[in-house]
Amino acid sequence: MFFTNNGYAQVSEDSVIVNSQDSIPSLVEDSVTFFQDTLIINDGSIDKPIYYSAKDSVRIDIKEKKVHLYNEATVDNGEVKIEAGYIMIDLDKNEVYATYILDEDSSKTQQPQFTDGAEKIQASSIRYNFDTKKGYIEEVAIQQDENVLYMEVAKRHSNEHIHFKKGRFTTCDLEEPHYHFQLSKAVMIPEKRIVSGPMNLWVQGVPTPLGLPFIIIPQMEDKSAGLLFPQIVPVSQFGFGLQDLGYYIPISDRLQTTFYGTIYSRGSWGLRNRTEYAKRYKYRGTVDAGFQQFKTGFPTNINQNKFTLNWTHGMDSKASPYWGFSSNVQFISDNNSQNNLDPLNENYFNNSFNSDINLQRLFPGKPITSGLKISLRQNSISNNISVTAPVLTVNVTRFFPFRKIIKKTNALSRIGVTYNFEGKNSSSFGDSLLSNGQFNRIGDRFQNGLNQNITLQTTASLFKNTWKFTPIVNYSNRINFQQTEKRYDAVNNTTITDTVSATGMAHSLTFTAQLNTTVYSYYRYVGKSEAKLRHVLTPTFSFQYIPNLNSHISRTDSIGVDMAPITYSIFESSLYRVSNTNTQALINFGFNNTFELKRRSDKDTLDGFKKTRLIDALTLNGSYDLLKDSMQLSNISLNMRVSPTKWLNFVASSTFSPYDWNDSTGVTTADYAINGNQRKLGRFISTNFATTLTLTSRESRKELESSLDELETNWNADYAYFLLHPEHAINFNIPWKVSLSHVYTINRNTNQATYQSERWTQLQTLMVNGDLSFTKRWKLVSVINLDLKEYKVTNARFTLTRDMHCWALAFHWTPIGGNKSFLFSIRSTSKLFQDAKIDIKRPPAFL
């Protein structure tokens, strides 16, 4: 026996017992070298070192040339890794045998796990030969992505093919799966396919008569074309229908496409194609194009066509450090989101659709970026469409031209210069021009122009760094290629307005001097809690001088009714609209306040004090024009945001007018209200209150916060809404939750005819979003929108879901609103069986 610094090794005639936790010096006996947890055969039978470890002990049998590892044993040769409760290494055969051990309750523990690259296998026993790379496995379980394969007896060959008997294939990861496909004899080719003989379906351990004489199960990398089962719509406004009967075609590893068809008994039909493409480290995108034809049937027999296009494209940042290309297109030809063959139309309440295609260019080593953009804006409420094709931008980020000349840091060296250029070609028109195919009239409405501005700015500290002074000079130049001309129509005694092609230029120069600081105030209260109130006041004052440089764009002619004089700007309807304003000298002021309470608390172990934010923000903003002859003071804007707890948020905003008004018509006059007829400080013009309240348990609130963290790591745009509103997401770990969103808006009535009867217009809505888990697997979710002014429910939706682990069941019912619908759905949660689903859609009247 010899001793080391940390432990010992005992040598007998036949074996060496080593404490595996210690550092062992080199020991050579026969053909075995043992050094620093490394086992090497001197005769060259194993060409790579085998690294091992064990929690309890390592026994080296020199006579039998075997190594025994006990408790949390690991063997790794750099390619293959085996972990188990017990491992035996046979040095003569170059084999490893691994199996489980029994715990104090005689239960199996530390079952062997075999890892070869990305492939992991768990079994009750594993025998593996390093030379032939063959293995014999008993009671094995293999999981690749979401697929789980159980094998009672399996043999792994050198080509990595696995032959096995009595297999079970499923996507349920439980030890006793809810369902599985029983395989008699099969061969698995990793990352390609599983080929089996007779197979049948078992549910909850009970065999069913459903089966096949043979089956080929593709793995994730083996994609093949196939038919996609449609959704059955028994009753709808279009009649009985089959929705999204599809055929999937995998063209290559980078491109795949799916064709869908929809047909209804009353003649309406639709076709759609969805194509997905991707190239690793280059780009990824999806194109979804569809055509729908709606038929009203007898007696009107009106046919209406609709074309939709959705295109998303993203460029990987690794593809090019200087170029960027992206697209997000949402186009509908009829500008009507409520007209759709799908009874459960997700975009039913979406009134606007935005489409953008962007190309960006960065210039290395220079503060310059440029971009080219095509955009489309659709709004179904205003029935307007706006097209910008294209808009070219060049931006020069702030640079400091005097920093290299003036070595000392002062206001001169901090002078920064920014430059922005924009060239745009845009058109705005009614959606009827597009639906009627009047493309010539759309082209006639295009306007174009150039806009550029340059800004010089610096900062300086005043009064021992207590105030920050920021002077700013901004120059803007606008060039329009269309102008407005007005003339008198003597026949109709009206004014005719024309848009003519003519180039004109307008200028704008602004001098600004801004001064701001931060004031901290503390108010101490008497009491055991030693409460202290902190008030942070951030006042901002600025002087702004804007000379009138655009007197040349103003026209005054006798072109009004009865040839009355009218003054107008030639750019009032141009792309970059400019009005002839007088020279302005404005004093702007703003005050931002925050209030925080700090008091002693035994629950806070960090410093013994608890902080509570009373008011997040309380702001007041306004301006005063020194050169105006009347109404020099602007309206005062007031805003407040309060979040006393994580479950309550309150936002209020209001506009206050200091001027007098006519009590019979409500029209504002030029006198101050305190000096006028009202003898008051003024009146509120508009006020808005928004309150959000989320009620749930403390544990559930922590679950909401963790779910938000998980959503932030998900790139899928489908989760964007839940990223902003995590309280609306369905989570079975939260037993109950209620979210209330209340909006109350009051506006001064500007209609003089109805001012006496109704001086205020009010809008008050409440959205109730709640869910309740009345069992571990059942959850009821409801969303109700109420108009509190009319005392009626404008929309309501109820959802009943059942979490069946590997399957999902859901009822969706919308009984109130323009999107009335019903859906009963059973579908697999597995991607492999995502088309194994039953969807029954019926309107509420069918119930």
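The chain holds 18 salt bridges, a salt bridge being a side-chain nitrogen of Lys or Arg within 4 Å of a carboxyl oxygen of Asp or Glu. The model is predicted: local features need pLDDT of at least 70, side-chain atom pairs count only at pLDDT 80 or more, and totals for chains, interfaces and linings use all residues. Residues are numbered from 1 along each chain as its sequence is written, and side-chain values use heavy atoms, with hydrogens and water left out.

**Salt bridges**

| Lys306 | Asp334 | 3.7 Å |

Helices (H or I, at least four residues) and strands (E, at least two) are DSSP runs, numbered from the N terminus. Lys306 has a relative accessible area of 3% and is therefore buried; the terms used here are buried for under 20% relative accessible area, exposed for over 50%, and partly exposed in between (1.4 Å probe, protein chains only). Asp334 is also buried, because its relative accessible area is 15%.

Glu596 counts as buried because its relative accessibility is 17%, whereas Arg613, at 34%, is partly exposed.

Elsewhere, salt bridges that share partners join Asp244, Arg272, Arg274, Glu276 and Asp288 into one network.

**The loop between S32 and S33**

Asn335 sits in the loop between strand S32 (323-332) and strand S33 (352-362). Asn335 is buried because its relative accessibility is 3%. A polar atom of the Asn335 side chain lies 3.0 Å from the backbone oxygen of Asn379. Apart from residues up to four places away in sequence, Asn335 touches Gln378, Asn379, Ser380, Asn383, Asn384, Ile385 and Asp431, where contact means heavy atoms within 4.5 Å.

**Nonpolar cores**

A nonpolar core is a set of buried Ala, Val, Leu, Ile, Met, Phe, Trp, Tyr and Cys residues joined through side-chain atoms within 4.5 Å. The largest one has 45 residues, and those with the most contacts inside it are Leu69, Val75, Ile87, Met151, Phe164, Leu183 and Ile194. With residues up to four places away in sequence left out, the contacts of Val75 are Ile50, Tyr51, Tyr52, Leu69, Val80, Lys81, Ile82, Ile87, Ile89, Val96 and Phe130. A second, separate core has eight residues, including Val329, Ile385, Val387 and Leu433. Ile385, a member of this second core, is also a contact of Asn335.

**Nonpolar surface patch**

Patches are made of residues with over 30% relative accessible area and no salt bridge, with like charges joined within 9 Å and nonpolar side chains (Val, Leu, Ile, Met, Phe, Trp, Tyr) within 5 Å. One nonpolar patch on the surface is formed by Ile454, Leu456, Val473, Tyr475, Phe511, Phe543, Tyr545, Ile587, Leu626 and Leu627, which together have about 780 Å² of accessible area. Accessible areas come from the Shrake-Rupley method with a 1.4 Å probe; for residues, only the protein chains shown count as cover. Strand S37 (447-457), strand S39 (467-489) and strand S42 (532-546) each give two or more residues to the patch. Leu626 belongs to the loop between strand S46 (609-625) and strand S47 (636-645), and is partly exposed, with a relative accessible area of 41%.

**Two strand residues**

Thr692 lies in strand S51 (residues 683-695) and is partly exposed at 27% relative accessibility. Its C-alpha atom is 9.5 Å from that of Met767, 75 residues apart along the chain. Not counting residues up to four places away in sequence, Thr692 touches Trp647, Leu648, Asn649, Leu740 and Ser741.

Asn785 is in strand S54 (residues 778-787) and is partly exposed at 23% relative accessibility. Leaving aside neighbours within four places in sequence, Asn785 contacts Leu766, Met767, Lys792, Val793, Thr794 and Asn795.

**The chain overall**

The secondary structure comprises four helices and 58 strands. Of the 847 residues, 36% count as buried. The chain exposes about 48,800 Å², of which carbon and sulfur atoms supply 55%.

Terms used. A polar contact is a pair of N or O atoms within 3.5 Å; within protein, one must be able to donate a hydrogen and the other to accept it, and residues adjacent in sequence count only if both atoms are side-chain atoms.
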